[in-house]
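User: I'm new to reading structures and would like a close look at a single part of this one. Could you take me through it slowly?

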Amino acid sequence: MRVARVGPGAPLLLLALLVLPVFLDLYTAHVAVLILLFVIVAIGLSLVMGFGGQVNLAQAAFFGTGAYASAILTTAYGWNPWLAAPVAVLATCLMALVVGLPALRVQSHYLGIVSLGLAVAVANLLTNAGFTGGASGISKIPPLPFPGVDLTDDYNDYYLVLAVLVVLVALARLIAGTTLGRRLKAMRDDTVAAAASGIEIPYYRLLAFLLGGLFAGVAGVLYAHLVRYVSPDTFGLDTMFLLLAMVIIGGQDSIWGAAVGAALLIAARNLLAGLETYQQLAYGALIVATVVFAPRGLAGLAAAARRRLAWPWPSLPIPVPSRGSAVPAAPDPPTPFPTPASAVALRVEEVSKRFRGLTALSQVSLEVPVGEIHGIIGPNGSGKTTLFNVISGVDRPGGGRVRLHGRDVTGRRAYQMSRLGVARTFQNLRLFHRLTVLENVMVALDRDPARAHLRYLVAPWTVLARERRRRERALGLLAEFRLEEVADEPAASLPYGRQRQVEIARALAGRPSLLLLDEPAAGLNAAEQEELKAVVRRIREAGVTVVVIEHNMGLVMSLCERLTVLAHGRVIASGTPAEVAGDARVIEAYLGREARDREAARP
Amino acid sequence: MLRLERLGALAATVLLVAGCGGQLAGTGGGANAPIRVDLIGTFSGQNADLGNWAWNGVKLAVDQANARGGIDGRKIQLERLDDQGQPTVGTDLAKRAVSDHAVLVYGSDLSTVTLAMIPILTAARIPEITSGQAPAILQQGSSYIFLDSTTSAVFDQTLADYLVEKRHLTSIAMITNNDAYGKGEHDSFLAELTRLGVRPTIDKVVTPDQTDFTSVLTEIRATDPGVLFIGAEEVETGLIAKQARSLGITATFAGGAPMGTPTYIQTAGLAVAEGTIMTSPYLSNDANAKTRAFAAAYRKAYGQEPELHGAKAYDGMSVFIQAMRRTPTDLSGPRLIAAVRSIDYDGLLGHFKFDEQGLGLHATQVGVIKDGKVVPV
Amino acid sequence: MTWVLQTAIGGLSTGAVYALVAMGFSIVYRTMGLVNFAHADVVMIGAYVTVTFFLGARLPFGLSLLAAILVTGALGVAMERVLRPLESRDLNLMLIGTIGFGIVLESVAILIWGSFGTAVPTPIPNLPLRVGGLVVTTYQLLILAVAAVVTALLFWFLDRTKLGTAMQAVAMDRIAATAMGVDVAASNALAFAIGSGMAAVAGALVGPLLYVSPGMGASIGIKGFAAAILGGFGSIPGAIVGGLVFGLIEAFSSGPLSAYSDLITFVVFALAMSVRQTGIFGERTVDRA
């Protein structure tokens, strides 16, 4: 697997970085230290923005928070730098959480301007406050005391920062390649589908900011004690834009990309003195060109080149504890598979929903016994998908109750519903389009609660072991759908019918007790439809209750045991397919208009 | 550790493969090798005039020295580095000066940048002469820092004495910025007022990159001061004066050396600047034979009128050139600073005799802007 | 009470400038869905061009402003051409791409005009007028008047002219507009030109108040963008109200603690956006998870 293997590139690069200072004069060594520090900050930004999709324009302010916190604690309060460092990192994480709070309410460019505004606020504080030294900043910050090593020497600093960087890159790569990174990317690609796959969106938005803060905080503390001078100009908008450029030029969702981007830009800024204006011009033009011509950045170009050249990069396996097929594919966390406490899997009681005065659902009630395949039909706009949204927690009902196995779950959020055993597909496919097929399934398969991510800090090696087991199970599931040979393809690259299958596989991966399928047959040919029927029946055999919205009457009549018919947001009939088909109201309100379509859709 | 000159960090991997290239670093020694002097100045942004003036002054002194055979046959090689007015860039450039074995650093123009550079240059035992004026510069405990004029303490004592004792102006409001220079002006002027038993009507602090002072000036207007003391760099001082007038503040403007520059007059506008009272050790190019000679050479070289900053940069560099001539065979930091302290120098700004802290000039004068020109009172 | 009124006057006159900038952001956003961060630097270019004609060529201020509007309008058309590929891209790319373009504009400005900056005298004698204890300067009145005229012209153009209604149609439904024969590309270019022209007006108006320098766009740009978002992104009335409200928030927050005005303003802004996610006039995006 990708995570557990490292190409020969990484050790070679490390070796190169270890001998590099031999070739550097004092100033270039200093620049090298700055480069390494900015690599750390840029990787943090890449995790927030590239992976988490959170437009964070306050990363430079986080960097400053870490630097200033440590500087103030050591100069004004005389703390030992080693004591101040963790406190300063913690303070930065706290700042990141505070700046991240609006992300719970606003996203995309709204979040961009809010975080940028808060960054301006932080800069304003740094420039004005007495305790930050105002515009003059803070000088004479003590170096980090280290027995036998003089950390005022740039060459020694270089190795210290390099050591920290290696640890942080390893951590970032681990995050990027395993459950946490996958969840962040899933949230970035499609928030609704991510929530429906059990991802606690609010936590993960904050977590993304927290990661950005953590990396920026560590870099900030190191900066303060190595450069031993901080002033507001280092942490302003120019730096923020530089960081953004690093991440974009390097490649948004690549840890290596961010690192290379940072190295390039800082080296250019500090080694090409005297050309500031032209340098700035070139830097601006480079950004525009990257965005227009190579939107995936250097990482994207490198990947394309590698695909074209197909270099035989050998991979070295990293020894992972208990590696090999000897490990049984044990269920990784005890999946919450609710034992049916009641014979009724789903009960919807008089649910209503309005959107801006338009009634989408009005007093809708239905009941689905455990193990039934239940169909919901109705003309377009009759409220079918809204009903699914209410049941799966995507929309909150305006009135009424939703009960799952007898338990009142009205108004729960989508991720809560997912964790309670409700899975769904979407009318307009909502795959995580930049993730692979395998990753799509693994996102849903992974039922670890958010707090399990503490492993990344406490016992990172266990992450890999769990990851491997999860991967085996995901491959098993894909095999059932005969999708294993496309496991590593980006989901968006598959043909439509295959994407539908991936979505169903993803929904099943969470081991739901109730599966909601929203027009699963749309766009499928006759053979695929037959296969779909078989799949749905097999799912039911496994004990899963299925509710399906479908326009294809032939499919509905042959697949479903009972039907509920909606029109204008109301239930107008329910019963067996035969009963419903004979219902006068249905014929009048629904079949009359849809008859032609039905005939056309029949094989 | 083997150090090769100027290999970009980027090229690291390539280099490893390609083997070692480059040349061994010069030690700054060679018999006829030029003497490296770095001028770290503010050449871009709002305070860019300062860097250009300093460059003009220093360059003139260096060119004259080189024309007369340099230092014991060695030419002085002047390197121009732009700190962009940002202290962090200043620290980077200070490291660069150390790395390049500069014998002397001239800079920076801004006290804030100077303060940031002091620890690095002092640790490397490189003398630094600055046109900064903040008293804090002298309080760093470094014997390697020198001022090319005098400090805010001296400027503001002269100014306060003139305003309060001579003109009996006691309704004085203060507005200063919070960089090292502004803070020095604030503390010094306030101390002088306190000594004279005057309390400012109001005491407001702004930031160096601010351009809108409406809210602060509105508060100041409410105290109806007779004098508004402004402690900030040239452009900011001009903007404050200009906005103060348009808000209806009729007070006389007073302050330090920045107000004696054409930049201030231009920024504020002729009408606004008229009547401004400032202190400066260099009020006129016509003061004596020396200033006339300097002004003539300056005009010839640059085609513009010299002012205070060019003159003091010329003075500062000239003192060091004299010091280099006293110890031409050993230009190491400790020797050079000892030589500087042994010199009595009569310059354009007055008499220089450097003390242990690095202060050489101890007096200044009061001037006023009349018909758009600075004249002694 | 005097203080409140006095502060409000100051807030409204800066708010009028923010409103002009905000309208530029919004008009581009609603026609092509592009968040254009280079807009801030168009403000700066507009200010510089005005100054060049006003101080350099000694043209009257009004004519200089007109020239600046033409220059930035052309710049807007060029910018649309370069940034067009970003239209359908994800926000991060749009953000950094337009910021990159802004950096290019800034360095071009440095190459042309230097990095030093210029102080600009007010085009009319800036006299403080005293009205019942309040001080209003003549230049403040000029700003409000010019902003009002420009806004009125914009409304007239959008509602009463054929080109304007075509642009409105694109903003509402691009596909339907194309079907009806509206040239979407031309409409986008026009939106950019108009937005840029308004930025030039904003730049020209603040120039004499503050200081014209290559970096002047950053602060005005961020505040103008925040104002557009606060009012409801893409809404023209929203941009006007957002600009004025933002100016007022700023003016009042700089009362007692003037040094921390930015801090207070943006914290208030963040809170306001958390309460009302899509601004005062609203741009509804469903985001519940």
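Over which residues of chain A does pLDDT stay under 50, and how many contacts beyond four places in sequence does the model have for them?

Analyst: The part you ask about is residues 311-338 of chain A, where pLDDT stays under 50. For these residues the model has 44 contacts beyond four places in sequence. Where pLDDT is low, predicted coordinates should not be read in detail. For the chain as a whole, the mean pLDDT of chain A is 86, and 90% of its residues reach 70 or more.

Now let's look elsewhere in chain A. A:Ser108 is placed in helix 5 of chain A, which covers residues 108-128. Its phi is positive, about 45°, although A:Ser108 is not a glycine. A:Ser108 counts as partly exposed because it has 18 C-beta neighbours inside 10 Å, while a buried residue would need 20 or more.

Chain A also meets chain B through a pair of helices. From helix 2 of chain A, the contact uses A:Leu26, A:Tyr27 and A:His30. Helix 3 of chain B brings B:Asp92, B:Lys95, B:Arg96, B:Val98 and B:Ser99. By class, the residues of this contact between helix 2 of chain A and helix 3 of chain B are 3 nonpolar, 2 polar and 3 charged.

Chain B has some backbone details of its own. The peptide bond from B:Gly107 to B:Ser108 is cis, with omega near -5°. B:Ser108 sits in the loop between strand 3 (104-107) and helix 4 (111-123) of chain B. The loop between helix 4 and strand 4 (128-130) of chain B holds B:Arg125. B:Arg125 is not a glycine, yet it has a positive phi of about 55°. With 14 C-beta neighbours inside 10 Å, B:Arg125 counts as partly exposed.

C:Phe157, C:Leu158, C:Asp159 and C:Arg160 in helix 5 of chain C meet C:Gly164, C:Met167 and C:Gln168 in helix 6 of chain C. This contact of helix 5 with helix 6 of chain C has 3 nonpolar, 2 polar and 2 charged residues.

Key: Residues are numbered from 1 along each chain as its sequence is written. Chains are lettered from A and ligands numbered from 1 in the order in which they are written. This is a predicted model: local features need pLDDT of at least 70, side-chain atom pairs count only at pLDDT 80 or more; totals for chains, interfaces and linings use all residues. pLDDT is the predictor's confidence in each residue, from 0 to 100. Two residues are in contact if their C-beta atoms, placed from the backbone, lie within 7 Å. Helices (H or I, at least four residues) and strands (E, at least two) are DSSP runs, numbered from the N terminus. Ala, Val, Leu, Ile, Met, Phe, Trp, Tyr, Cys and Pro count as nonpolar, Asp, Glu, Lys and Arg as charged, and the others, Gly among them, as polar. A residue is buried if 20 or more other C-beta atoms lie within 10 Å of its own, exposed if 12 or fewer, and partly exposed in between; C-beta atoms are placed from the backbone.
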